[in-house]
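User: I am new to this structure and would like to go through it in short steps. Please put the sequence and the model on screen first.

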Amino acid sequence: LSSITIAPSSANVTTGQTTQFTAQAHDQFNRTMPSVTIAFVSDNTTAATVDTVSTDPSTGIITATVTGRSAGTAHITARATDGATTVASSQATVTVNEPPPVVSRIEVSPAASLINRGQTQQFTATALDQNGQPIVGASFIWSSSNTAVATVDANGLATGVGFGSATI
């Protein structure tokens, strides 16, 4: 036993997602060694944990499933032993990101407006996540329920067109 490879060299996941790393042991002639025991270790189990390890006995490829636990970075190392010698791989890096916020509601302001024909009213929108927090950088597509009464442009500027009511 002289070396062990780990692949990929890096991975990105969001909290709760998994990724896989594979490792394979080699002798001094770079031949694979299928009967070697390989263990995977995370240096930051707060960010990522090694949850399951499976072996393909015919190829000697060991696959580890790594789960992102919280935002941060962890280095995954594979260690191989043949009983007499222990070798560690270079480290693979897993970067864990928080999942993007989910839009749970949109607030439009003003909530109601009277617009005469030919006049305009600027509307603004705020996207809020599941915790009621504004989502910075959210984009909106504006529309009118009745374009014979009011139209609205891509920036939320409504123009009165005719008599009646419309929802923006």
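User: What joins the side chains of D27 and R31?

Analyst: A polar contact of 2.8 Å joins them. A polar contact is a pair of N or O atoms within 3.5 Å; within protein, one must be able to donate a hydrogen and the other to accept it, and residues adjacent in sequence count only if both atoms are side-chain atoms. The side chains of R31 and D27 also meet in a salt bridge, at 2.8 Å from N to O. That term requires a side-chain nitrogen of Lys or Arg within 4 Å of a carboxyl oxygen of Asp or Glu.

User: Before we go on, what kind of model is this?

Analyst: This is a predicted model, in which local features need pLDDT of at least 70 and side-chain atom pairs count only at pLDDT 80 or more, while totals for chains, interfaces and linings use all residues. Residues are numbered from 1 along each chain as its sequence is written, and side-chain values use heavy atoms, with hydrogens and water left out.

User: Back to D27, then. Buried or exposed?

Analyst: D27 counts as buried, at 10% relative accessibility. Buried means under 20% relative accessible area, exposed means over 50%, and partly exposed lies in between (1.4 Å probe, protein chains only).

User: Where is D27 placed, and what is it in contact with beyond its sequence neighbours?

Analyst: D27 lies in the loop between strand 3 and strand 4. Strands (E, at least two residues) and helices (H or I, at least four) are DSSP runs, numbered from the N terminus. Leaving aside neighbours within four places in sequence, D27 is in contact with S2 and M33; contact means heavy atoms within 4.5 Å.

User: What about H26: which residues does it touch?

Analyst: H26 belongs to strand 3 and is buried, at 7% relative accessibility. Not counting residues up to four places away in sequence, H26 touches L1, S2, S3, T5, R31, T32 and M33.

User: How many salt bridges does a search of the whole structure find?

Analyst: The search finds 3 salt bridges. Besides the one between R31 and D27, the side chains of R69 and D51 meet at 3.0 Å, N to O. That pair links distant parts of the chain, with R69 in the loop between strand 6 and strand 7 and D51 in strand 5, 18 residues apart. R69 is partly exposed at 41% relative accessibility, and D51 is partly exposed at 37%.

User: And which residue pairs with R105?

Analyst: R105 forms a salt bridge with E107, the closest N and O atoms being 3.0 Å apart. R105 is partly exposed, with a relative accessible area of 42%, and E107 is partly exposed too, at 41%.

User: How many bridges join strand 5 to strand 6?

Analyst: There are 8 bridges joining strand 5 to strand 6 (residues 61-68), and the two run antiparallel. V50 stands opposite V66 in strand 6.

User: Which strands form the open sheet of 3?

Analyst: Its order is 11-14-13, again with antiparallel pairing. Strand 11 (120-122) and strand 13 (150-152) are the edge strands, each pairing on one side only. Strand 13 and strand 14 (residues 157-160) pair over 3 bridges, and A158 in strand 14 is the bridge partner of V152.

User: Last topic, the core. Which residues of the largest nonpolar core touch the most other members?

Analyst: Of its 25 residues, these are F21, I38, F40 and V94. A nonpolar core is a set of buried Ala, Val, Leu, Ile, Met, Phe, Trp, Tyr and Cys residues joined through side-chain atoms within 4.5 Å. The largest share of this core, 4 residues, comes from strand 7.

User: What is V94 in contact with?

Analyst: Leaving aside neighbours within four places in sequence, the contacts of V94 include A11, V13, F21, V66 and I76. A second, separate core has 5 residues, among them F123, A125, W142 and V152.

Terms used: Two strands pair if DSSP finds at least two bridges between them.
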